[in-house]
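Please consult the sequence and structure alongside the text.

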Amino acid sequence: MASSNLPIILYHYVFSPYARRIVWYLTLRNIPYSQCMQPPVLPRPDLAALGISYRRIPLMSIGRDVYADTRLILQKLEELYPPSSEHPSISASSGDGAALERLLSHFIIDGGIFMRAASLMPPDLPVFKDPRFVKDRAELTGAPPGGPSPFSPKALQARRPESLSEIRDAVALLESTLLADGREWILKTSGPSLGDIEAVWPFHWLTTMPGALPADAIGPAKFPKVFAWIKRFSKAVEARLGEVGKPTTLKGDEAAKVVVGSDFAEHDEQVDASELYATANGFRKGDTVRVWPTDSGSSHKDVGKLVALTSKQIVIETQGTAGSVRLHAPRHGFRLGKADQSNL
Ligand SMILES: N[C@@H](CCC(=O)N[C@@H](CS)C(=O)NCC(=O)O)C(=O)O
């Protein structure tokens, strides 16, 4: 269990749609945090100084624990900040609503909707003229070095028709099912909820990039309910952002000092002896292990001492020039290996 009066720092960059999921959640729940802005391409020395080689954005520190992956970050914030008058709940704690939150997360992230949305970034965006960006994103996706990048303007153009069809299908699903009865919010709540965050973010992102969606095929005329909902969501979070104000921005070394100088957010963490993966592979607390995501950014493997392995998370202790931290990764979408098994 995490504890709540520790400093929270979000490592991100403004254009990251994944990071926006966390910014919206923190904002809607009035949870104070600072931010440490990162470059959109590698290297990221602020994270390397904490001994972290995980390359995706965002990461979030709570005290001296650092969390990778928005799904684990949201789960930890839910634990850390139970509903109160200061931090009202925006999630369904059980039943159909909780199931829908999880299923929407799987649909959008594991079901490929986000990757399809990423393929719809307009190929003429200035960023695609930057060879560093194109190469960096090829590395992210595991494309063979030296080969064509899936994020070159040509490759994007080639994938566009198929991606448009997938995104249209997802928008049509929302229009004809969850939003069909004219409700304002996905889970029929009185304001935007976690269910809305889980469903809206890639579509919202696409509407912020002129030229990403052809208005006649995927726009308000064809899908009025979905596009009105995206606008409503955007307005509601902008209004909340205006009320709670901007977070403090810390430089990398300032952030590192806060992180390594803090107490841990989680205590008494253990390798759960009943975890099949631990018994089958002989993992013990203190083993030197490697952890990495299996879907993208997989060549960035974090090495450290195993602190905990449970049904929900893998925790390792990393060592960087600024000090050591505990890095947490969710079980879903991540793999744990022995540090000496370099063939994994
Ligand atoms: N499953 C991860 C995915 C995160 C992700 O892919 N983030 C993008 C930015 S929106 C990224 O890291 N891109 C490459 C980079 O910035 O290095 C999560 O939920 O946090």
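## Contact of α7 with α9

In this predicted model, Val171, Leu174 and Glu175 of α7 meet Pro224, Lys225, Val226, Phe227 and Trp229 of α9, where contact means heavy atoms within 4.5 Å. The residues of this contact comprise six nonpolar, no polar and two charged. In this classification Ala, Val, Leu, Ile, Met, Phe, Trp, Tyr, Cys and Pro are nonpolar, Asp, Glu, Lys and Arg are charged, and the others, Gly among them, are polar.

Two packed helices are described by the angle between their axes and the distance between the axes. The axes of α7 and α9 cross at roughly 90° and come within 8 Å; the two helices are therefore roughly perpendicular to each other. Axes are lines fitted to C-alpha atoms, for helices over the stretch in contact, and angles run from 0 to 180 degrees between N-to-C directions. Angles under 35 degrees count as roughly parallel, over 145 as roughly antiparallel, 65 to 115 as roughly perpendicular and the rest as oblique.

## Conventions

Residues are numbered from 1 along each chain as its sequence is written, and side-chain values use heavy atoms, with hydrogens and water left out. Local features need pLDDT of at least 70 and side-chain atom pairs count only at pLDDT 80 or more, whereas totals for chains, interfaces and linings use all residues. Helices (H or I, at least four residues) and strands (E, at least two) are DSSP runs numbered from the N terminus.

Helix α7 has 24 residues and reaches 33 Å from its first C-alpha to its last, close to the expected 34 Å; the expected span is 1.5 Å times one less than the number of residues. At arginine 160, α7 bends by about 50°, and proline 161 follows within four residues. The bend is the angle between axes fitted to the seven residues ending at a residue and the seven starting there.

Among the buried residues of α7 are Leu156, Arg160, Ser163, Leu164 and Ile167. Buried means under 20% relative accessible area, exposed over 50%, and partly exposed in between (1.4 Å probe, protein chains only). The cover over the buried residues of α7 includes α4 (95-110), α5 (113-119), α8 and α9 (224-244).

## Packing of α1 with α3

Helix α1 (residues 17-28) and helix α3 (residues 70-80) pack at an angle of about 10°, with their axes 10 Å apart. They are therefore roughly parallel to each other. Tyr18, Arg21, Ile22, Tyr25 and Leu26 in α1 meet Thr70, Arg71, Ile73, Leu74, Leu77 and Glu78 in α3. Seven nonpolar, one polar and three charged residues make up this contact.

Eight of the 11 residues of α3 are buried, so α3 is largely enclosed by the rest of the structure. The buried residues of α3 are Thr70, Arg71, Leu72, Ile73, Leu74, Lys76, Leu77 and Leu80.

## Backbone features in loops

A cis peptide bond joins leucine 42 and proline 43, with omega about 5°; proline 43 is in the loop between β2 (34-37) and α2 (45-48). Isoleucine 57 and proline 58 are also joined by a cis peptide bond, with omega about 10°, and proline 58 is in the loop between α2 and β3 (59-62).

Lysine 188, a residue other than glycine, has a positive phi near 60°. Lysine 188 lies in the loop between α7 (153-176) and α8 (194-207) and counts as exposed at 57% relative accessibility. Aspartate 268, likewise not a glycine, has a positive phi of about 55°. Aspartate 268 is in the loop between α10 (252-260) and α11 (276-281) and is exposed, with a relative accessible area of 70%.
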